[in-house]
Amino acid sequence: MSLILLNQYLPLSVAQAGISGLANRNQVVVAGAGSGKTRVLVRRYLELLVHNPWQLNQLVAITFTQKAAQEMRDRVRMALAMMAQSSGDRRWYTLLSQMDSARIDTIHALCASILRVNAAPAGIDPQFTVLDEVQSGILREQALDETLRRLAAERSPLLDLLDIHPIKQVKNTRRAYLGSVPAEQPAEDEDPHLAQLAQYWTGLIAHANAAYRALKQERAALDFDDLEQRTRDLLVTHDEVRQRYLDGEFQHLLVDEFQDTKPVQWQIVSALAPPDQQGRLFLVGDPKQSIYAFRGADIAAFQRARQQIRLSGGVE
C-alpha cells in the first residue's frame, strides 16, 4: 500500500525507475542537470522507510549548501505528510513528527553533531561554536593583523622586504617562477632574493596560522576545515565510535551533489557507510557540475568513489 502511494506521489520516469528497488545495494547515480537527481534521492529516502522499520534519524542525507538541505527537508516533509494522510498509518505520522530531528543537512552540520556527541574522545569542548566562511575569514584577517603588529614590534626584516615586494607580488612571483616547488626547497636556478622572499612569506603564513589557531582556541571555535578533519580523525582512530554508527545508529547515507566532495569528506562518508558493506550508501552527482574546486572539492575523489563502489559489488 505504501509503495503504491509513493508511486502516485513521486512517480519516476522510465530512466529513473531503473534506479528504484536496489536499496540492498550501494549505488551511484550519475546524471546531468535537469535529470531529477534530487528527486531520485528523495524517492530513495522514502523507499528505505517503506521497506525498513527504521526511525527517521537512522537515515542520513547530506548535501553541500543550507539551501539545498532545506529544499530536501521540505520535499521529505511534504511526502511524509502525504503518506500519513493518504494511508492513515500511524507509523507515517510518527515519522512526520520526527522531522525536526531528521539528519538532512550539510556535511558540516553532520560533522558538528558527531563531534558534540563524541566530544571526549575527540578532545574538544562540547559547547564549541562553528565559524562559517565569513566568520572564519574575519578571524583570519585578525590573526594576520596581529601577526604583522607583532613582527613590527620585533623589528622583523620581513616588514622591510614587504615595503619593496608586497605580499601579493611575492605570492604571484613564486607561483609563476616555480609553480609547485615548495618554498622550503628552492630550485637551484632560483633568484636568491626571490628565494629569501618566499621563505619569509612561508614564515609569515606559519605565524599567521598559529595566531589563527590560538584565536579559535580562545573562542572554543571550529571552522569548516576543523569540523571535517576532526570528524575524520575521530572515526578513523576510535573504532568504538565508528562501530556505534555502523551497528545501527546510521543505517544508510545518501549524498547529493557528490561531485563537490573533498577527499576528507569522502573519508568521513566511507567510514560511516563502508562501500564494501552493501545497502548503506547512495550517491548522486554529475562530474560536469562540480563548482567547488576552490574549496578543495576534487572531482577525482568522485571518480575514485565510483570505482570503489563498483569494485565492492555496488551498482551505477
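Is the crossing of α6 and α14 left-handed or right-handed? In this predicted model, the crossing of these two helices is left-handed.

**Packing of α6 against α14**

Two packed helices are described by the angle between their axes and the distance between the axes. For α6 and α14, the angle is about 60° and the axes lie 12 Å apart. Because angles of 65 to 115 degrees count as roughly perpendicular and those under 35 degrees as roughly parallel, α6 is oblique to α14. The residues that make the contact are set out by helix below.

| Helix | Residues in the contact |
|---|---|
| α6 | Ile107, His108, Leu110, Cys111, Ile114 |
| α14 | Gln265, Ile268, Leu272 |

By class, the residues of this contact comprise six nonpolar and two polar, with no charged residue.

Helix α13 spans residues 239-249, and its buried residues are Val241, Tyr245, Leu246 and Gly248.

**The chain as a whole**

The chain contains 15 helices and seven strands. Of its 316 residues, 44% count as buried. Where contacts join residues at least 6 apart in sequence, 77% of them link residues at least 24 apart.

**Confidence**

The average pLDDT of the chain is 82, and 77% of the residues score at least 70. Over residues 170-186, by contrast, the pLDDT is below 50.

Terms used: Residues numbered from 1 in each chain as written. Predicted model: local features only at pLDDT ≥ 70, side-chain atom pairs only at ≥ 80, totals over all residues. Heavy atoms only, no water. Buried < 20%, exposed > 50% of the residue type's maximum accessible area, 1.4 Å probe, protein only. Helix = DSSP H or I, 4+ residues; strand = E, 2+ residues; numbered from the N terminus. Axes fitted to C-alpha atoms, helices over the stretch in contact; angles between N-to-C directions. Parallel < 35°, antiparallel > 145°, perpendicular 65-115°, else oblique. Left-handed = near helix turned anticlockwise from the far one by under 90°. Contact = heavy atoms within 4.5 Å. Nonpolar A, V, L, I, M, F, W, Y, C, P; charged D, E, K, R; others polar. pLDDT = per-residue confidence, 0-100.
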